[in-house]
Amino acid sequence: MTQPLLVAPSALEDLAPAQPPASGPVLFARYAYGPNRFGYCGPDDADELLEAGAAGQDRVLRALAQRFEGAYPYLTLIARSAGIPDPLDRRVVEAYWLGSDVLRSVPVSAFGASIDERFRGHVRPKDWRWLATKSIDGAKPVHAFHVLDVFPRVGLIRGGQVDGVLQVMDSCRIRWGRVLERIGDQLVVSATRLELLDGRLQHGQPAVERVEAWRDATGFIDMPGPGDVVSIHWSWACDRLDTRQLANLIAWTDRQLAIANRTI
């Protein structure tokens with residue numbers, strides 16, 4: 001097997017073009033299915049989400065997406081701020097999951113108010129300041145913000161539960177992995193994991209792992225070959241990324257890591 005490859009910005013020019021563009025609802029399903037199949041977020045309809053996403057059934061997917069109470073409010077905020085009527089417009093969905101310049105249209109005040117409304121009541125008062133300044137610090141409503149800042153909002157890392165917290169955060173964040181080979185319904189990829197070093201979150205060294213890409217030959221991804229890069233959410237291969245998408249995912253992940261590290 002090929003040795004692990006670190007996917008770094010300097011190597012982005014090697015990537016193949018992305019898959020044919022999917023609709024916004026289909027793109028949402030590709031990323032939402034990973035945790036939904038475990039019952040972690042969204043409605044209890046993972047089979048329908050997979051089947052409708054693979055078949056491109058936008059109407060079904062729209063109804064399902066609105067029941068994701070974690071993600072859908074972010075989509076609504078991004079769309080409203082960018083002047084895009086549809087929260088499931090592909091531009092909005094991609095901005096939320098991977099990051100893009102569309103996020104820059106979200107005002108600091110609007111995002112701060114959204115954080116306050118959604119999360120203040122669920123955080124102990126003495127811990128609220130952990131989240132209260134995130135919009136001022138530069139955070140935007142990208143999925144990496146929710147994973148790195150909202151999930152550990154009550155200081156679980158400080159409380160000694162590092163291994164469990166890091167594992168969940170790493171599974172929940174959108175990761176990227178370079179494909180080495182396919183084995184049945186799985187892909188063997190080289191990808192990095194989060195680690196906590198000297199009190200700071202950072203990317204660890206790349207390692208080989210297996211991720212699911214299909215269930216009984218049904219999935220969202222086309223036929224990736226060795227060297228392609230796929231996005232990963234809860235050990236599920238969501239999409240094959242092109243140079244632009246991967247660059248955005250790396251940049252916005254690193255941006256949110258830096259912001260999260262200010263209050264760990």
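**Exercise 1.** Determine the handedness with which helix 4 and helix 5 cross, and describe their contact.

*Solution.* The crossing of helix 4 and helix 5 is right-handed, the near helix being turned clockwise from the far one by less than a right angle. The model is predicted, with local features requiring pLDDT of at least 70 and side-chain atom pairs pLDDT 80 or more, whereas totals for chains, interfaces and linings use all residues. Residues are numbered from 1 along each chain as its sequence is written, and side-chain values use heavy atoms, without hydrogens and water.

Next, the axes (lines fitted to C-alpha atoms over the stretch in contact, with angles from 0 to 180 degrees between N-to-C directions) of helix 4, residues 72-82, and helix 5, residues 90-97, come within 9 Å and cross at roughly 120 degrees. Helix 4 is therefore oblique to helix 5.

Finally, Y74, L75, I78 and A79 of helix 4 make the contact (heavy atoms within 4.5 Å) with V92, V93 and Y96 of helix 5. By class, this contact of helix 4 with helix 5 has seven nonpolar, no polar and no charged residues.

**Exercise 2.** Describe how helix 2 packs against helix 3.

*Solution.* Helix 2 (residues 46-55) and helix 3 (residues 58-65) pack at about 145 degrees with their axes 9 Å apart, and helix 2 passes helix 3 in a left-handed crossing. The contact involves E48, L49, A52 and G53 of helix 2 with V60, L61 and L64 of helix 3; its residues divide into five nonpolar, one polar and one charged.

Methods: Helices (H or I, at least four residues) and strands (E, at least two) are DSSP runs, numbered from the N terminus. Angles under 35 degrees count as roughly parallel, over 145 as roughly antiparallel, 65 to 115 as roughly perpendicular and the rest as oblique. Ala, Val, Leu, Ile, Met, Phe, Trp, Tyr, Cys and Pro count as nonpolar, Asp, Glu, Lys and Arg as charged, and the others, Gly among them, as polar.
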